Each structure stands twice: as structure tokens, then as C-alpha cells.
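Let's take a walk through this one, from its helices to its pockets. Have the model open and follow along.

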Amino acid sequence: MKPDLRDVFLCHAWEDRQDAAKELHDLLILNGVSVWFSEKDIALGVPLMRAIDKGLANSRIGLVLVTPALLRRLPLEGIADKELSALLATDQLVPIVHNTTYEALRDVSPLLASRTGLSTTDETMKEVAAKLAELIAYEPAKT
């Protein structure tokens, strides 16, 4: 078993860290899901990209919170784009579409849009978190 293994890695736009990403993080925690979340897991003075790299390596499933802010950021090829590139290489990647559409996502990332995911258009963030917790419960842990 890997040390500090998390159920999910939460990829999000920097602008969403205090709002939608924090809300999803908090709801997942309430549902018993362990979450790698940059706001909580990167200490001051730690090399940012190495911390993210370790978080990606030690997470079972990747979540991408797709918001208008993320869609603006991905073409700029910053940190969220690097996280997404790593997550696209995995088997378990779930897009969470929030305040935007799959069509808008498809224009920016056809590969991510091709993955089955959840949308807050259809369900509340609370319901999305509960469904993700169910997925985690059925997904065997990697060793």
C-alpha cells in the first residue's frame, strides 16, 4: 500500500479554490472520501509541481472540476493543464461539469469531454459528491 494514498485528486482552476472546488472538497470529506486538494495539501515553501506530482501518484481517481475558469485556463497550458495531461493517461478520470456544458468542454478538451462524468446542471453538488463517494466505495484500491 502506498503511504498517504488518497481516494481522489481534485484538479481545479486556481480561481475556483475558494468556491466550487472547496465546496466539492468539503462535501467529499463529509461523505468519507479522502481528497488530495492543493489548498490543503501543499505546505508553504514546498516545490509546487513536485507536490502535485506526488498527489497525482498517490490518488486512486482523478476528478476534474470543469468550470468556466478552468476552460479559460487550460489553453494557457498552466498547472491545471499539466494536471489534466497526467490524469488523461489514467483509467479513472471523472469530469464534474459545473456552471458550464459538455459542449463547451468539448471545444477545449475533446478527450476529457469523452469521459463519463457528472454535471451540476442535473444534480446538486451535494448529490454529485454522494455519487462520487459511491464510486469510491466500489472501486478497488491500487496497491
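Which residues of helix α1 (residues 20-30) are buried? They are Ala20, Ala21, Leu24, His25, Leu27 and Leu28, where buried means under 20% relative accessible area, exposed means over 50%, and partly exposed is in between (1.4 Å probe, protein chains only). Before going on, note that this is a predicted model, in which local features need pLDDT of at least 70 and side-chain atom pairs count only at pLDDT 80 or more, while totals for chains, interfaces and linings use all residues. Residues are numbered from 1 along each chain as its sequence is written, and side-chain values use heavy atoms, with hydrogens and water left out. As for the element names, helices (H or I, at least four residues) and strands (E, at least two) are DSSP runs, numbered from the N terminus.

Back to α1. The cover over its buried residues includes β1, β2, α2, β3, β4 (93-97) and α8 (125-138), with contact taken as heavy atoms within 4.5 Å. After α1 comes glycine 32, with a positive phi near 80°.

Now turn to α3 (48-57). Ala51, Ile52, Gly55 and Leu56 are its buried residues. They sit on the same side of α3 because they cover an arc of only 135° around the axis, the arc being that of the directions from the helix axis to the C-beta atoms. Among the elements that cover them are β1 (6-11), β2 (35-36), β3 (59-66) and α5.

Rings of Phe, Tyr and Trp (its six-membered ring) pair if their centres lie within 6.5 Å; planes under 30 degrees apart count as stacked, over 60 as edge-to-face and the rest as tilted. That rule gives a count of 1 aromatic pair: phenylalanine 9 and tryptophan 36, stacked at 4.7 Å centre to centre with 5° between the planes. The pair ties together distant parts of the chain, with phenylalanine 9 in strand β1 and tryptophan 36 in strand β2, 27 residues apart. Both phenylalanine 9 and tryptophan 36 are buried.

Next, the pockets. On a 1 Å grid over the protein atoms alone, a pocket is an open set of points where a 1.4 Å probe fits, with protein on both sides within 12 Å along at least five of seven lines; lining residues have an atom within 4 Å of a point. A volume is the space filled by probe spheres set on the points. The largest pocket comes to about 310 Å³. It is lined by 17 residues, and His12, Trp14, Ile79, Ala80 and Glu83 are the closest to its centre. Helix α5 (79-88) gives the most to this lining, with 4 residues. By class, the lining has 10 nonpolar, 3 polar and 4 charged residues; here Ala, Val, Leu, Ile, Met, Phe, Trp, Tyr, Cys and Pro count as nonpolar, Asp, Glu, Lys and Arg as charged, and the others, Gly among them, as polar.

The second largest pocket holds about 160 Å³ of space. Here α3 gives the most to the lining, with 4 residues, and tryptophan 36 is one of the lining residues too. The classes here are 4 nonpolar, 3 polar and 5 charged.

Finish at leucine 135, in helix α8. Leucine 135 counts as partly exposed because its relative accessibility is 28%. Not counting residues up to four places away in sequence, leucine 135 touches Ile61 and Val94.
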